[in-house]
Amino acid sequence: MTAKIAYDEVEVGTELPAQTFPVTRATLVQYAGASGDFNPIHWNEKFAKEVGLPDVIAHGMFTMAEAIRVVTDWAGDPAAVVEYGVRFTKPVVVPNDDQGAVIEVSAKVAAKLDDGQVRVDLTATSAGQKVLGMSRAVVRLA
C-alpha cells in the first residue's frame, strides 16, 4: 500500500477528519489481553483508587494508538507514518457504566517537509481535558 493523499494536494493548515473513539471497561480488558499489559490500574477500580487515581484508566499506548488512527485513515496506509510521538498529559478515566469514556481526536498538517513528507499535529481530549501533548506524526505522502 501507499498513501492515497498526494503531497502536492496538501497545504499547511489542512485539517484531517476528526474522529471519536469510545472506550469501555470491556475495551480495556480486550486491549490488556492483546498487549499483555494487565496492570490493575486498567481494570481494578479498587486498586486504581488506592494508588491515587480517580478510577480505572485507559492504557497510554491504547490512547496513543487510537489517536494515530485519524492520521492512518486519512493517509490510507498505516505504513505511511514514519514517525510518531506523544507525551501523556492526563489519563483517560473509564467509568464502570454503559457509556465508558470517549477520546476525541483532531489533527492538521503543521508543516510540509522534504521528501514528500508532512508533519501532522494531533489533539486528543477526553472529558474536556487534553490527554496527549506534543502529539506529532511525520507522514510520507504519495
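Predicted model: local features only at pLDDT ≥ 70, side-chain atom pairs only at ≥ 80, totals over all residues.

Biologist: Which class does Arg140 fall into, then, buried, exposed or partly exposed?

Modeller: Arg140 has a relative accessible area of 37%, so it is partly exposed.

Biologist: And which residue forms a salt bridge with Arg140?

Modeller: The partner is Asp115, and the closest N and O atoms of the pair are 3.3 Å apart.

Biologist: Is Asp115 buried or exposed?

Modeller: Asp115 is exposed, since its relative accessible area is 57%.

Biologist: How many salt bridges are there in the whole structure?

Modeller: The search finds eight. Asp121 takes part in one with Arg119, where the closest N and O atoms are 2.9 Å apart. Asp121 also forms a salt bridge with Arg136, with a closest N to O distance of 3.7 Å. Because Asp121 lies in strand β4 and Arg136 in strand β5, the latter pair ties together parts that are 15 residues apart in sequence.

Biologist: How accessible are Arg119 and Arg136?

Modeller: Arg119 is partly exposed at 24%. Arg136 is also partly exposed, at 35%.

Biologist: Which residues are joined into a network by salt bridges that share partners?

Modeller: Arg25, Glu45, Lys49 and Asp55 are joined into one network in this way.

Biologist: Let us turn to helix α1. Which of its residues are buried?

Modeller: Helix α1 covers residues 25–35, and its buried residues are Arg25, Thr27, Leu28 and Ala32. Viewed down the axis of α1, they fall within an arc of 150°, so they line one face of the helix.

Biologist: What do the buried residues of α1 pack against?

Modeller: They pack against β1, α2 and α3.

Biologist: What is on the face turned away from the buried side of α1?

Modeller: That face carries the exposed residues Gln30 and Ala34. After α1 comes Gly36, which has a positive phi, near 80°.

Biologist: Moving on to strand β4, is Ser126 buried or exposed?

Modeller: Ser126, which is found in strand β4, is buried because its relative accessible area is 7%.

Biologist: What does the side chain of Ser126 reach?

Modeller: It reaches the backbone oxygen of Val102 at 2.9 Å. Beyond neighbours within four places in sequence, Ser126 is in contact with Val92, Ala101, Val102 and Val131.

Biologist: One last item: how far apart are Lys46 and Ala3?

Modeller: Their C-alpha atoms are 45 Å apart in space, and the two residues are 43 residues apart in sequence. Lys46 lies in helix α2, and it counts as exposed at 59% relative accessibility.

Definitions and conventions. Residues numbered from 1 in each chain as written. Heavy atoms only, no water. Helix = DSSP H or I, 4+ residues; strand = E, 2+ residues; numbered from the N terminus. Buried < 20%, exposed > 50% of the residue type's maximum accessible area, 1.4 Å probe, protein only. Polar contact = N/O pair within 3.5 Å; in protein donor to acceptor, adjacent residues only side chain to side chain. Contact = heavy atoms within 4.5 Å. Arc of directions from axis to C-beta. Salt bridge = Lys/Arg side-chain N within 4 Å of Asp/Glu carboxyl O.
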